[in-house]
Amino acid sequence: QQICKWLNDHNTSPLTNLPLSDNKVLKLKSIGDIIRSFLEACRGHGQTTRRSHVQDWSQGSDVSCSHLRSMLREVENNLEAGQAEVDAWQKYVVEHAEKANL
């Protein structure tokens with residue numbers, strides 16, 4: 001809270017007194033919470049979907065191998081997109097942490 005008060009009154013770093021390019025305060029804990037929530041949602045969704053398809057298939061459903069391969073490609077694409085999002089967040093956090101340490 002003291003840092004927020006300082007930033008409301010100054011355009012400089014409270015540590016170095018050097019000018020700041022912006023005065024936004026990052027709440028890194030909330031980013032972690034967002035990532036954890038996202039991963040939990042993905043885990044739950046994936047397990048439910050996979051479990052229901054396995055159950056359908058084991059009960060004689062006419063799920064074809066090509067359909068299963070298509071679903072696997074979709075999962076792989078989602079994983080790649082998720083990894084790209086995680087990479088972008090990591091880069092963002094590192095860049096802002098480096099700025100904070102200047």
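**Exercise 1.** Work out whether Thr12 is buried or exposed.

*Solution.* Thr12 has a relative accessible area of 18%. Buried means under 20%, exposed over 50%, and partly exposed in between, using a 1.4 Å probe and protein chains only. So Thr12 counts as buried.

A word on ground rules: this is a predicted model, where local features need pLDDT of at least 70 and side-chain atom pairs count only at pLDDT 80 or more, while totals for chains, interfaces and linings use all residues. Residues are numbered from 1 along each chain as its sequence is written, and side-chain values use heavy atoms, with hydrogens and water left out.

**Exercise 2.** Place Thr12 in the fold and find its partners.

*Solution.* Start with the chain: it has 3 helices and 0 strands. Helices (H or I, at least four residues) and strands (E, at least two) are DSSP runs, numbered from the N terminus. Thr12 sits in the loop between helix H1 (2-9) and helix H2 (28-58).

Next, list the contacts (heavy atoms within 4.5 Å). Leaving out residues up to four places away in sequence, Thr12 touches Trp6, Leu7, Asn17, Leu18, Pro19 and Leu20.

Now zoom in on Asn17, which lies in the loop between H1 and H2. The side chains of Thr12 and Asn17 are joined by a polar contact of 3.0 Å. That term means a pair of N or O atoms within 3.5 Å; within protein, one must be able to donate a hydrogen and the other to accept it, and residues adjacent in sequence count only if both atoms are side-chain atoms. Asn17 also has a positive phi of about 65°, although it is not a glycine.

**Exercise 3.** Search the whole structure for aromatic pairs and classify what turns up.

*Solution.* The search finds 1 aromatic pair. The ring centres of Trp89 and Tyr92 are 5.9 Å apart and the planes make an angle of 85°, so call it edge-to-face. For the cut-offs, rings of Phe, Tyr and Trp (its six-membered ring) pair if their centres lie within 6.5 Å; planes under 30 degrees apart are stacked, over 60 edge-to-face, and the rest tilted.

Then check the sequence spacing: Trp89 and Tyr92 are 3 residues apart in helix H3 (residues 65-101), so about one helical turn separates them.
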